[in-house]
Amino acid sequence: DRQNSSVFVDGFYVLGTAATFGFNNIERVEVLKGPQSALFGRATFGGAVNYITKTPGDEFEADVNIDISEHQRYDAAVTVSGPLFGSEKLKALVSARYFEFGGEWNNTAQGENGVTSGDEETKAISAKLLWEPTEQLSITVSGSYAEDDDGPPATTSLPADLDNCLFYS
């Protein structure tokens with residue numbers, strides 16, 4: 001099936017989902033309702049969501065976010081930004097995120113020590129390099145990498161010995 005809306009990062013199409021994209025280096029989110037094919041091409045009949053990432057700053061900055069919760073849920077994000085080598089013309093931003101969720105449900109169909117369902121793990125890193133050789137020219141190079149390693153989703157399943165809905169065995 002074709003999707004009716006699409007996700008973009010800095011105007012570039014994201015294939016699939018942007019669920020692994022961390023929000024620690026997001027400057028703003030643009031939500032455009034209705035057909036957007038004139039601006040963003042196909043698959044935007046229902047609209048487009050464009051994540052605009054932060055630009056490297058003129059001064060050194062660091063941002064750290066850590067969240068530890070129930071069910072072995074850990075979320076850590078680090079963003080570092082600033083000029084490189086003391087230069088006013090070359091700036092960089094690096095952002096990394098690690099997310100882990102131990103799952104909330106035990107798969108009892110596989111016994112007492114069954115597999116946990118709903119567990120998730122995400123590793124993501126992105127970087128942006130900004131070079132401004134003159135006041136009229138700026139060149140930006142950016143890239144990102146994300147990896148998801150999710151376990152089986154939580155579903156309902158009963159073992160065969162509990163399948164007693166019929167009148168015969």
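Tutor: Two strands pair if DSSP finds at least two bridges between them. Strands themselves are DSSP runs (E, at least two residues), numbered from the N terminus. The model is predicted, so local features need pLDDT of at least 70 and side-chain atom pairs count only at pLDDT 80 or more, while totals for chains, interfaces and linings use all residues. Residues are numbered from 1 along each chain as its sequence is written, and side-chain values use heavy atoms, without hydrogens and water.

Student: Which are the edge strands of the open sheet?

Tutor: The sheet has five strands in the order S5-S6-S7-S10-S11, with antiparallel pairing. An edge strand here pairs on one side only, and the two are S5 (61–69) and S11 (139–148).

Student: Is Phe12 buried or exposed?

Tutor: Phe12 lies in strand S2 (residues 12–13). Buried means under 20% relative accessible area, exposed over 50%, and partly exposed in between, using a 1.4 Å probe and protein chains only. At 61% relative accessibility, Phe12 is therefore exposed.

Student: What is the angle between the planes of Phe8 and Tyr13?

Tutor: Rings of Phe, Tyr and Trp (its six-membered ring) pair if their centres lie within 6.5 Å; planes under 30 degrees apart are stacked, over 60 edge-to-face, and the rest tilted. The count comes to one aromatic pair. Phe8 and Tyr13 are edge-to-face, with 5.8 Å centre to centre and a plane angle of 65°.

How values were computed:
Helix = DSSP H or I, 4+ residues; strand = E, 2+ residues; numbered from the N terminus.
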